[in-house]
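Please find below a short note on the structure shown here.

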Amino acid sequence: MAGWTLALCACSQQAEQEPKITGESEVMQQTHFAQDLAFLKQHTDIVELRDGSSVVAVAPAYQGRVMTSSYDAVNGPSFGWINRPVIEQGLLPDEERKGTLQEHIYVFGGEERFWLGPEGGQFSIFFKPGLEFDFDEWHTPAPIDTEAFAIASQTETEVVFEHEAEFQNWSGTVLQVGITRTVRLLDREAIEQRLGVALEEGIELVAYETENTIRNLGEVAWTKETGMLSIWILGMYPPAPHTKVVIPFKAGSVDELGPQVNDTYFGKVPPEYLQVEDDLLFFKGDGTYRSKIGISPQRSKGVAGSYDPDSGVLNIVTCSEPKENPGYVNSMWELQEDPFSGDVINSYNDGPAEPGADPLGPFYELETSSPAADLEPGESLTHTQTTIHLKGEAAAIDRISSQILGAGLDEIDSALEK
C-alpha cells in the first residue's frame, strides 16, 4: 500500500530496490467524455466550461480539480484518468479511514489538480513535526485532499475558486495560506499565441489554463530558514502501450547545468523506459513500471508532452517560469542538505510497487511546480499551467510536435523500441 501511495503522489522517496518490470500493458478502454461526465455528476457537483464543442469538467469539491476534458462534448474521448471506485465510495468517516489508503489520501484522479509542496524533508507539510519519513506517518493535508474550494465567480469559459488554509510543516512552522485558482478554457487563437504556431483547420483540440495563486495570510515571512511552500500541479492520464512522454531540455555540460534528468526517485529508471538525448528525453507512459523523472530549473524549457500513436492524440503542457532560479522545493523523504534544489517539471509512470502487486491506476502523470514562495505577509506568488490536447492529420500534428517538443512523430514512435 505504501508503494501505491508513493506512486500516486509521484513523490520523491527513493526506493530501496527497483521493482520488476511487468511487461506490456493492455490497451486501456478509452471512455467517452459524455460517459465520464454523467458518472461524475452522479457523485459530485461539476462545473462545465464550454466553447463550441470543447468542454472542460471541473469539480469544486475536489479543490477545483479538472477531472477531464474533450474537444467534442458529445462524441469525443475523455482525456483525464478518473478513479471511479473512490469517487463512488465518497468521503469516509474518520474511523472507517483507519488502515485504508484513504487514511492517507483520496485518489480521485483527474487530469489537473492543485497541490502544494514540499512533500518530504524538514519543511514538509505531509508529515507532522518530528515524525519519521515513512508511509505510516504520511498524510495528505485536508485542504488539498478533502476540502472543497468555494466558487468566487463563473462564466461560460472560466471559473474562479478561493480557499483559505493553514499548514504546519515538519519543523513546526505554521503557514496561513490564501488560495485562488482560476480554470480558463482557451480558444484556438489563444492556443496559437501560447504555442507560437498556426493550427490547421482540421485539427481537433481542447485546451485550458489554470492560474494558481498562493498568498501569505500570516504575520511573519516565509523564509528558507523556517520553510516555504510551492504550487504543485499534477495531471493524471490513462496510459497506453505505446504512449511516450517527450520533454525537451537545455543542452550543456553537467558541470555547467547539472544532470540532464533526475531519474532516481524510485531507483534508477532502466533504459527500457527512459531514453536521454543531448537535449531531449523519451519516457514511457504505459502504466507498467513505477518510475519518475524530473527536470531541474537549470535545464527546463517550461514544456513537456506526450503522444499516443494508437489514438493519434498529442498532449502538451507548459508552465510559467521566472527568469532567475530562486529555488524549488525538494520533496525527498529525508532530512535534506539542500531543501530548495527541486525540479520544475516531472513525469511519473505508474506500475506495481513490488512484484505481484497491483498498480494504483494505472496512469501516468505530467507535472509542473512553481518556485518556492519567498513571501512577506500579504505577498503572493502565481503559477500558471496550460494543458493542450490535439488530434488531426499526422503531418499537421508532426509539425506541431517538432516545433514545440523538438521531436517529430516518427522519432517519438521509434524511441524506446530497441
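1. Two strands pair if DSSP finds at least two bridges between them; helices (H or I, at least four residues) and strands (E, at least two) are DSSP runs numbered from the N terminus. The model is predicted, so to speak of local features requires pLDDT of at least 70, and side-chain atom pairs count only at pLDDT 80 or more, while totals for chains, interfaces and linings use all residues. Residues are numbered from 1 along each chain as its sequence is written, and side-chain values use heavy atoms, without hydrogens and water.

2. An open sheet with antiparallel pairing is built from ten strands, ordered 5-6-7-8-18-15-14-10-12-11. Strand 5 (150–154) and strand 11 (274–276) are the edges; each has a single partner strand, so one side of each lacks a neighbour in the sheet.

3. Strand 8 (residues 204–216) and strand 18 (residues 380–391) run antiparallel and are joined by twelve bridges. Asn 212 has His 383 in strand 18 as its bridge partner.

4. Most residues other than glycine have a negative phi, and most peptide bonds are trans. The bond from Gly 117 to Pro 118, however, is cis, with omega near 10°; Pro 118 sits in the loop between strand 4 (113–117) and strand 5. Gly 361 and Pro 362 are also joined by a cis peptide bond, with omega about 5°.

5. Gln 63, although not a glycine, has a positive phi of about 65°.
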